[in-house]
Amino acid sequence: MQRGSGEIGGNLLTERKETMKISRPRPPRFELIAGNVSLDFVNTLDDRHINPKELLETYLDLVRFGEDAGLLSSPQVDRLFERSYIEPDLAAGALNQARELREAIHDVFWAIINKRPAPPAALARLNADAQAAAGHMHLVPTKNGFEWRFDDFGDFDSLLWPIARAAADLLASDQLAYVRPCSSKTCEWFFLDTSKNHHRRWCDMTRCGNRAKVQRFYVRKKNSG
Ligand SMILES: [Zn+2]
């Protein structure tokens, strides 16, 4: 299934000009349907089991994901993007790290969904990233108590801290039982089923749900005709 706005991996110079010109929220380019940022992150490898399509082709895609997910402000995105031009190797390294973390998160949750033990290498990777993330967290007082905040998102890989953390927290929570893949075999996007009866089947009703309904309609029509 084709996802996204089609501008992913577009001409970097055009993108750069666009970034320098506009410093307010841009239209979202990722479909965030999972209800948990770490699962949305897994979904950035689209159609992964049939015909994988990489939605994180460049470092800009990664920071745009962070912006869409509310992890980065637009000025932070601009700053990281500008820096990625000055230090492209570091940015490319962070993109690589991001994809590795994503696959580790996928492999752990996929094993759990299929009632298998989490693969040790994937779990070790997630543990390492969650531990690194913790080193960048600090408690700050709020109106009603305290909350965890992350250090300023100045490092290329800083976007990965809240993602690794969200995956680790989800694994250790009672919500783990509600992590599901979309029932469409050509999709299998992950989501957290927070519906009342926990019977949600589709990543998104208008995409996979309706398609399945239409398919069932045609099968019924064929069988009855
Ligand atoms: Zn789906």
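Select Leu-139 and Trp-148 to begin: Leu-139 stands opposite Trp-148 in strand S4. This is a predicted model, in which local features need pLDDT of at least 70, side-chain atom pairs count only at pLDDT 80 or more, and totals for chains, interfaces and linings use all residues. Residues are numbered from 1 along each chain as its sequence is written.

Strands are said to pair if DSSP finds at least two bridges between them. Two residues form the hairpin that joins S3 to S4. A buried residue has 20 or more other C-beta atoms within 10 Å of its own, with C-beta atoms placed from the backbone.

Now show the whole protein, which has eight helices and six strands. Helices (H or I, at least four residues) and strands (E, at least two) are DSSP runs, numbered from the N terminus. Of the 225 residues, 34% are buried.

Move to the largest nonpolar core, of 53 residues. Such a core is a set of buried Ala, Val, Leu, Ile, Met, Phe, Trp, Tyr and Cys residues joined through C-beta atoms within 7 Å. Helix H5 (88–113) gives the most to this core, with 10 residues. Val-63, Ile-105, Leu-126, Ile-163 and Ala-164 have the most contacts inside the core.

Finish on Leu-126. Beyond its neighbours within four places in sequence, Leu-126 is in contact with Ala-104, Ile-105, Val-108, Ala-164, Ala-167 and Ala-168; contact means C-beta atoms, placed from the backbone, within 7 Å.

Terms used: Buried ≥ 20, exposed ≤ 12 C-beta atoms within 10 Å, placed from the backbone. Contact = placed C-beta atoms within 7 Å.
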